[in-house]
Amino acid sequence: MSLATIDQSLKDLSPEDLRTLAQRFAAELARVQRPNIRKLELFVTEDCNLRCDYCWVPKNPRCMSLDTAKRAIDFVLDDCGQAEKVAVTLFGGEPLLEFDLVRQIMGYAMERASALGKRIGWAMTTNGTLLSPRVVEFCLRRGLKFLLSVDGCRESHDIHRKFADGKGSFDEIVKWVPMLKRTQGWLGARMTLTPTNVHLLAQGVTTLVEQGVNQFLIGRDLASPWTAGAIHLLQEQWVAVGEAYQRLRAARRPVRLTVFEKDSRHDADKSDWWGCEAGRDKIAVMPSGDIYPCSRFIDKAGIQRTFWLGHVDVGLVAERTRQQLTDDRDVIRYKCMKCAHRNTCMGGCPATNYLCTGSPYIPPKIDCEMHTFWERLRHERPEFWAASEIPYGAGKGNSDECVGDGRLPQIRPTR
Ligand code: SF4
Ligand code: SF4
């Protein structure tokens, strides 16, 4: 079609038609310009063998079909553009309840990735209670890294993380740590803090380090009532964790706590965008095949409805919703724009913001208080951050990448 014909056709359109056309053009432009998806959280199952009282994952005995998983893998491999590697995290519920499915998913994905000349970086968030030599050997041979959901020492963990019969699960997890450590040099713990166990944070970190865990992702349970007293305790505990971290690093122990590392958000210049990777280059896929920006967006029906992005059968169709998450205009973050920390802060977790304030752009007060605390601590205790520069002891890499030590597993199945 010639330009003159296009010109004439546009002149013939009514204002209403022009508006519709402009909207379609904007949506198509956004689709073409949107970042490629390179990270996938795969909800293998919503079911779990534990009954942690703070858990936000719906306990439906729904598990993903292999067909849905294949479509999710295909979607990410097709959408990742020039990226040589995509990251897939197996999530739940407890993904090891569906180990046969996990095996099939990994087999399919690795075959497809290799046919496309790409690689997959595997991770699994697990409560650890269903590990076995057979499971560990299978996963580690394929380069999967386990992240254990464990809340510190026995006392702090067993307050919340129990089996259906009320028994605590700490001992059932840590017994596997030596086996995992044989092949996974960097072993991470995902710790959840509540006002009831926050006083044990520093003790929990040191206990887990002695067990062999050496990376930490530490988060707060949002639904708990965080009073001013509990927040104060949390901040005191973080100082104690900083002191422990400094001691461990001075002893050349390979321990990572990203909040004290130089490349953390608290230290680096803020990137040129607000928000996070959710919906930008990361998605979460539920057993139903529905796509959300990240696992935090499945917390409640309301947030699920608002931030639904699509389905593995049709791809990312809710482009406008996705644009909401990648909208970097300062003007929509009026609270942040008035804030002294706007140059170091990304504006909070959009899912948490939405759950607490009803807007992905407005952070809850408690998160801003914590950000202010971290900024102050950086000035008052720079030695915590300086400790992250100390090289690890002999036999451990100095790389920033959290990787295993590269050896093949020496674990022998017992059956
Ligand atoms: S501290 Fe709070 S208000 Fe300030 S920039 Fe961060 S999220 Fe926004
Ligand atoms: S900051 Fe929140 S929304 Fe973003 S990836 Fe993390 S948990 Fe998900």
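The axes of helix α9 (residues 201-211) and helix α10 (residues 228-250) come within 8 Å and cross at roughly 30°; axes here are lines fitted to C-alpha atoms, for helices over the stretch in contact, with angles running from 0 to 180 degrees between N-to-C directions. That makes α9 and α10 roughly parallel to each other, a label for angles under 35 degrees. On the α9 side, L201, A202, V205, T206 and V209 meet Q237, A240, V241, A244 and L248 of α10, contact being C-beta atoms, placed from the backbone, within 7 Å. Sorted by class, this contact has eight nonpolar, two polar and no charged residues. (Ala, Val, Leu, Ile, Met, Phe, Trp, Tyr, Cys and Pro count as nonpolar, Asp, Glu, Lys and Arg as charged, and the others, Gly among them, as polar.)

All of this comes from a predicted model, in which local features need pLDDT of at least 70 and side-chain atom pairs count only at pLDDT 80 or more, while totals for chains, interfaces and linings use all residues. Residues are numbered from 1 along each chain as its sequence is written, with chains lettered from A and ligands numbered from 1 in the order in which they are written.

Overall, the protein has 16 helices and eleven strands, taken as DSSP runs numbered from the N terminus (helices H or I, at least four residues; strands E, at least two). Leaving aside residues up to four places away in sequence, L42 touches A69, A72, V88, T89, L90, F91 and V285.

As for the ligands, the shell around ligand 1 includes C336, C339, H341, C345, C368 and H371, a residue being near if its C-beta atom, placed from the backbone, lies within 6 Å. Two or more shell residues come from each of α13 (334-337) and α15 (365-380). This shell has five nonpolar, four polar and two charged residues. Ligand 2 is surrounded by C276, E277, A278, C294, R296, C349, P350 and A351, a set of six nonpolar, no polar and two charged residues.

Methods
Contact = placed C-beta atoms within 7 Å. Parallel < 35°, antiparallel > 145°, perpendicular 65-115°, else oblique.
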